[in-house]
Amino acid sequence: MDVPLPHLDRPFDYLVPDTLDADARPGVRVKVRFAGQLVDGWLLERVAESAHPKLAYLEKVVSPVPVLAPEVAELARAVADRYAGSLADVLRLAVPPRHARVEKDVTATDAAGADADATPPAAADPPVPASADAADPATPAAAAGPARPATPASAEAAGPATPATVPVHAGPDDAAPVDPRGWRDYPAGPALLRALTAGRAPRAVWSALPGEDWADRYADAVAATVAGGRGAVVVVADARDLDRLDAALTAVLGPGRHACLSAAAGPARRYRAFLAARRGDVPVVIGTRAAMFAPVERLGLVAVWDDGDDLHAEPRAPYPHAREVLLTRAQLGGTAALVGGYARTAEAQLLVETGWAREVVADRATVRARMPAIAPTGDDPHLARDPGAASARLPSLAWTTARDALRADLPVLVQVPRRGYLPSVACAECRAPARCPHCAGPLGLPSADGVPACRWCGRVAAAYACPECGGRRLRASVTGARRTAEELGRAFPGVPVRTSGREEVLAAVPAGAGLVIATPGAEPVAEGGYGAVLLLDSWALLTRADLRAGEETLRRWLAAAALARPGSAGGRVVVVADGALAPVQALLRWDSAWFATRELAERRELGFPPAVRMASVTGVADAVADLLAGTRLPDGAEVLGPVPADEGRERMLVRVPRARAAALAGALHAAAGQRSARKAADPVRLQIDPLSLF
């Protein structure tokens with residue numbers, strides 16, 4: 001039932017009346033009577049008998065379309081168990097809300113097609129049975145994982161057979177090899193494509209080269225999977241990445257061969273794409289995290305790009321991460337898995353070190369040939385030439401690098417961590433941070449002639465006076481993208497300056513476009529690559545109170561530096577930071593695997609995820625204590641805290657070895673069920689391996 005109470009997280013038996021017998025198929029939406037109310041639910045299974053002597057009847061079949069695939073139902077149960085959540089919460093994420101008009105159009109098309117099929121043709125060739133799908137386990141592949149047993153197409157799929165516009169191969173032996181193209185730059189790349197075409201299940205962690213067109217490489221992997229008669233699911237972080245992948249797949253597979261699932265598409269388009277995937281009309285589904293549960297027949301590949309992006313983390317209960325959902329899906333279904341990015345997360349490195357996946361990387365000579373020339377501004381040689389570089393926001397090295405690129409008529413990318421004008425200000429006299437007198441939120445300036453306003457409650461503080469010294473003048477604490485554009489416009493008069501951020505994202509930059517100021521994740525692609533990339537305000541990224549501060553900083557730097565031209569073509573990157581820092585060293589060598597190995601080793605030593613499994617319990621103090629008191633924690637569990645959280649709440653952390661992860665999740669879910677059964681008033685938020693621990 002679609003009820004988010006933990007103590008009701010189990011199937012319930014109902015009788016099916018004769019009037020609903022034809023429509024009541026596994027996977028349909030239904031309505032049932034429960035506790036005197038009519039509630040929504042999912043029909044999971046039809047059985048002949050029940051152990052319960054007295055049962056109520058189904059009230060209604062909301063729609064005869066079975067939108068919940070058996071494989072997705074199994075996955076949703078596994079995800080709910082892994083994150084100490086309820087199946088109902090996961091199913092809300094897995095199946096989009098019903099759109100009656102779209103469903104009516106689809107069923108009407110089915111009816112018209114059935115009428116046309118019922119009319120016998122004048123002459124027809126005898127049907128040719130499809131051969132069984134059997135992979136050749138003897139075919140070698142350097143990147144291949146364990147062999148996957150052949151599985152027939154799902155008999156539960158609704159709708160007509162796959163249209164003739166989507167060719168389905170009889171088996172891997174009939175598949176033509178896919179041109180490895182850019183995968184040749186990686187020694188294990190061609191073997192990865194061969195394994196996908198042959199119907200096996202390789203598991204790979206891919207470190208992309210600088211300047212790599214990652215969308216084309218993913219399109220090649222998907223094409224190899226489709227050539228082997230199987231489907232694929234690819235998840236990206238945002239709409240910009242989705243548009244790139246959409247164009248790449250259209251070029252490789254042709255139009256109409258894949259569906260895009262994104263919450264930003266709107267209810268009608270999203271539900272239509274979902275039905276196309278559920279009915280087997282398309283073999284490939286791509287999208288943002290909304291696509292991680294997409295139903296695909298004969299699934300052969302799950303892939304995620306840039307798994308370190310926090311947009312992959314679902315903000316709704318039970319807070320699953322797209323990477324973990326896809327890896328769980330690969331484990332349950334024996335499918336191939338591809339985790340790629342310019343940077344490598346500690347979680348991806350753990351997959352490599354445990355042998356669950358193999359890394360696909362280029363040799364060092366290829367990396368050096370493809371990467372731009374990268375230099376820091378805080379090491380001793382540069383400080384000797386420019387003593388002010390240690391405190392300057394735009395040291396002389398960064399300024400001259402940008403000037404030389406502009407003189408060569410090459411675009412320059414400037415990455416700044418914060419959007420806006422001055423997102424944080426302080427008292428000009430005592431340097432105390434300026435806070436809102438109403439909610440204590442940070443004050444910021446929206447423009448040069450604007451008045452200070454709170455970034456939390458939005459109240460204007462026109463008559464602000466510092467509570468420490470009484471001063472009324474303000475100075476910048478953090479400089480945003482628009483203020484940076486203003487400063488660089490004065491430093492390079494006559495040069496066009498563009499900004500790219502959440503408010504306005506540039507799709508592409510032509511050659512000779514001048515200066516482009518962008519926040520992380522909004523960097524547009526330049527034709528031929530940028531002549532220079534400046535990475536400013538590194539302290540704002542490196543000094544965050546976050547376990548993943550260094551990892552996230554390197555991820556953002558590599559994503560921007562990857563857009564520069566190779567060093568042999570004049571591409572240069574300047575990072576305003578001390579060259580001795582580990583993230584800077586990884587950037588200078590373009591070696592995210594080294595940094596991920598180091599990061600994972602440190603987390604093992606300190607006992608942090610992903611080396612261990614950690615749960616966060618957040619709520620008012622009495623509610624947190626009540627839940628933990630009723631939790632039968634597994635052996636070896638360590639309780640940390642409490643520490644203050646937001647809005648007067650507190651947080652407790654529970655840490656266990658990875659081998660006890662399932663026991664911890666089950667114990668927390670059972671304790672939450674006990675509290676909901678006795679109708680405890682104060683809610684408690686449970687999160688397994690949250691992105692933010694502090």
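Which residues does Q687 touch, not counting residues up to four places away in sequence? With contact taken as heavy atoms within 4.5 Å, Q687 touches Y319, M614, A615 and S616. This is a predicted model, in which local features need pLDDT of at least 70, side-chain atom pairs count only at pLDDT 80 or more, and totals for chains, interfaces and linings use all residues. Residues are numbered from 1 along each chain as its sequence is written, and side-chain values use heavy atoms, with hydrogens and water left out.

Q687 belongs to strand β26 (residues 685-688); strands (E, at least two residues) and helices (H or I, at least four) are DSSP runs, numbered from the N terminus.

Of the contacts with a separation of 6 or more, 74% join residues 24 or more positions apart.

A nonpolar core is a set of buried Ala, Val, Leu, Ile, Met, Phe, Trp, Tyr and Cys residues joined through side-chain atoms within 4.5 Å. The largest has 68 residues, and W206, V222, L245, L338, L587 and W590 have the most contacts inside it. Helix α5 (residues 214-227) gives the most to this core, with nine residues. A second, separate core of 67 residues includes F293, L299, V325 and I688.

Definitions and conventions
Buried means under 20% relative accessible area, exposed over 50%, partly exposed in between (1.4 Å probe, protein chains only).
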